[in-house]
Protein chains: 2
Amino acid sequence: MICCAAPSIGGVHTISTSFHERLQRAWSHSDSLLCVGLDPEPARFPAHLGRGPEHIASFNRAIIAATADLVCAYKPQIAHFAAVGAEEALVDTVSAVRELAPHAVVILDAKRGDIGSTAEMYAREAFVRYDVDAVTLNPYLGSDSLQPFLEWSDRGTVILCRTSNPGAGEIQDWPEGDPLYAHIARLAVEKWNPHGNLMLVAGATRPAELARIRALAPDVPLLVPGLGAQGGDLRAAVAAGVDRHRRGLVVNSARAILYAGSGEDFAAHARAEAMRMRDALRQAAALAQGE
Amino acid sequence: MICCAAPSIGGVHTISTSFHERLQRAWSHSDSLLCVGLDPEPARFPAHLGRGPEHIASFNRAIIAATADLVCAYKPQIAHFAAVGAEEALVDTVSAVRELAPHAVVILDAKRGDIGSTAEMYAREAFVRYDVDAVTLNPYLGSDSLQPFLEWSDRGTVILCRTSNPGAGEIQDWPEGDPLYAHIARLAVEKWNPHGNLMLVAGATRPAELARIRALAPDVPLLVPGLGAQGGDLRAAVAAGVDRHRRGLVVNSARAILYAGSGEDFAAHARAEAMRMRDALRQAAALAQGE
């Protein structure tokens with residue numbers, strides 16, 4: 001089948017506000033810093049639901065319905081769809097957020113990075129085909145690889161800065177003293193944010209680096225992965241990154257929520273875990289503000 | 001439609017030789033360093049063929065048929081398929097290479113880079129769903145993002161080192177003196193090549209950097225983009241990167257070949273341009289060897 005996947009009703013999702021306004025609204029509406037990462041792994045789905053890729057859309061819908069009021073954002077990870085040819089399930093997942101959690105922003109985790117003409121294609125994939133609010137990008141190729149995304153001024157661009165994985169340091173912390181991630185944070189503030197639609201990725205596993213990024217980019221919202229399965233320290237990460245309005249962070253958790261239960265009540269378990277995380281994030285933000 | 005796209009007949013493409021052996025065989029068979037980049041842009045297709053995404057597969061087939069004996073490799077760029085939902089056209093394009101140019105290696109240009117569990121999904125996308133010989137990767141996330149690909153010891157992993165685009169320098173040439181691209185080339189040789197299935201990307205637009213990469217990684221084949229539309233210097237690039245057997249390079253050209261003609265004889269024009277490029281590369285390699 002050759003197609004351009006149908007966007008929301010009436011064409012591309014109508015966006016009349018800037019990405020940062022929508023993010024502020026998502027924080028206000030939910031009073032939550034939590035983002036649920038949608039990394040569907042069919043082999044881990046509850047048995048009664050079925051464990052093939054054809055069940056991804058219904059699994060995601062159940063998770064979104066169970067967590068809608070607890071989160072500011074959802075972050076579908078595109079490889080989990082692309083690996084099994086489930087592009088239509090990704091389209092359905094974005095639609096499910098629009099229906100069930102209309103306040104939430106959708107960040108497509110794609111970590112794209114390519115030269116100008118190809119970057120335009122990837123921007124079209126993210127913002128037209130999947131019609132998401134924001135997309136993650138890899139900065140290795142420099143400004144002209146980011147420009148085609150940044151020009152979508154009503155959409156968000158989320159640039160990898162210091163990631164949460166074990167191997168990140170050998171590239172991003174190099175060289176000692178003035179490391180690559182700090183160079184990226186400076187470029188982000190000085191060159192890549194004319195439309196104010198930027199975010200940076202700063203992993204929860206390295207609170208000191210997160211704090212340095214916050215210092216270099218005081219007004220840039222941070223997408224924070226690495227809690228839960230990756231072992232990040234929630235309190236330290238929030239303390240390092242939260243802004244004076246107790247916002248500025250979109251803290252992702254995927255597997256700990258998605259697979260909190262494996263029985264017929266998996267959605268209730270996911271909700272309970274998401275509520276626990278939301279509350280822990282609220283408490284950490286209040287603590288960081290000296291309450 | 002939810003599916004795992006059908007691989008070659010009888011399951012995943014049967015590979016009994018290592019990636020580097022296949023690459024050597026592709027060089028020997030074709031006596032060519034040329035790789036045709038398959039970056040289909042339906043708006044630029046010849047009018048008689050039709051200009052919608054549904055014509056991508058037949059356009060690519062015509063290009064492959066016209067250039068099969070002139071090249072060592074084809075490099076489909078995945079965004080050009082993903083942006084318009086043409087995943088099946090990509091499957092068909094890989095099949096067309098297996099049928100029409102069985103000696104050639106297929107390098108999927110995807111520039112993936114993500115943490116371990118997600119990298120496994122991307123590896124599955126490249127090596128199972130699309131069943132290609134090699135895939136391009138972005139090293140920003142470090143070793144654990146590359147490992148799931150490197151473990152496919154019979155497939156190739158092509159890591160971005162110094163790319164050809166105008167903005168590359170602000171990241172990859174930083175900091176002065178001992179820049180990031182040199183750090184990547186060292187890591188590639190020291191850490192990422194235990195199976196000998198690695199390649200590095202070194203753009204033709206910067207022959208001095210290409211020469212430094214060749215010096216740091218004398219035995220690693222280089223994928224060289226940036227000729228033609230991007231303005232790279234063919235002679236200087238070949239002189240900087242060719243090995244003593246007049247090989248070691250896979251030199252990509254896409255738009256200059258794909259869109260050499262726009263009439264009913266577009267395939268003949270593509271063939272003529274590919275032949276011109278192959279001959280220029282041969283001549284440059286001979287010149288570099290002092291003949």
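# Reading a two-chain predicted model

Guide: The contact between the chains draws 51 residues from chain B and 51 residues from chain A, two residues being in contact if their C-beta atoms, placed from the backbone, lie within 7 Å. This is a predicted model, in which local features need pLDDT of at least 70 and side-chain atom pairs pLDDT 80 or more, while totals for chains, interfaces and linings use all residues. Residues are numbered from 1 along each chain as its sequence is written, and chains are lettered from A and ligands numbered from 1 in the order in which they are written.

Visitor: Which helix of chain B gives the most to the side that touches chain A?

Guide: Helices (H or I, at least four residues) and strands (E, at least two) are DSSP runs, numbered from the N terminus. Helix 5 of chain B gives the most, with seven residues. By class, the side of chain B that touches chain A has 26 nonpolar, 15 polar and 10 charged residues. Here Ala, Val, Leu, Ile, Met, Phe, Trp, Tyr, Cys and Pro count as nonpolar, Asp, Glu, Lys and Arg as charged, and the others, Gly among them, as polar.

Visitor: How do helix 8 and helix 9 of chain B pack?

Guide: Axes are lines fitted to C-alpha atoms, for helices over the stretch in contact, and angles run from 0 to 180 degrees between N-to-C directions. In chain B, helix 8 and helix 9 (residues 207–216) pack at about 25°, with axes 9 Å apart. Helix 8 and helix 9 of chain B are therefore roughly parallel, a term for angles under 35 degrees. Residues that meet include Y181(B) and A185(B) from helix 8 and I213(B) and L216(B) from helix 9. The residues of this contact divide into six nonpolar, no polar and three charged.

Visitor: Where is the cis peptide bond in chain A?

Guide: The cis bond joins W174(A) and P175(A), with omega about -10°. P175(A) is in the loop between helix 7 (169–172) and helix 8 (180–190) of chain A. In chain B, a cis bond joins W174(B) and P175(B), with omega about -10°.

Visitor: Is D131(B), which has a positive phi, buried or exposed?

Guide: A residue is buried if 20 or more other C-beta atoms lie within 10 Å of its own, exposed if 12 or fewer, and partly exposed in between. D131(B), with phi about 55°, counts as buried, because it has 23 C-beta neighbours inside 10 Å. D31(B) has phi near 45° and is partly exposed, with 13 other C-beta atoms within 10 Å.

Technical notes
Parallel < 35°, antiparallel > 145°, perpendicular 65-115°, else oblique.
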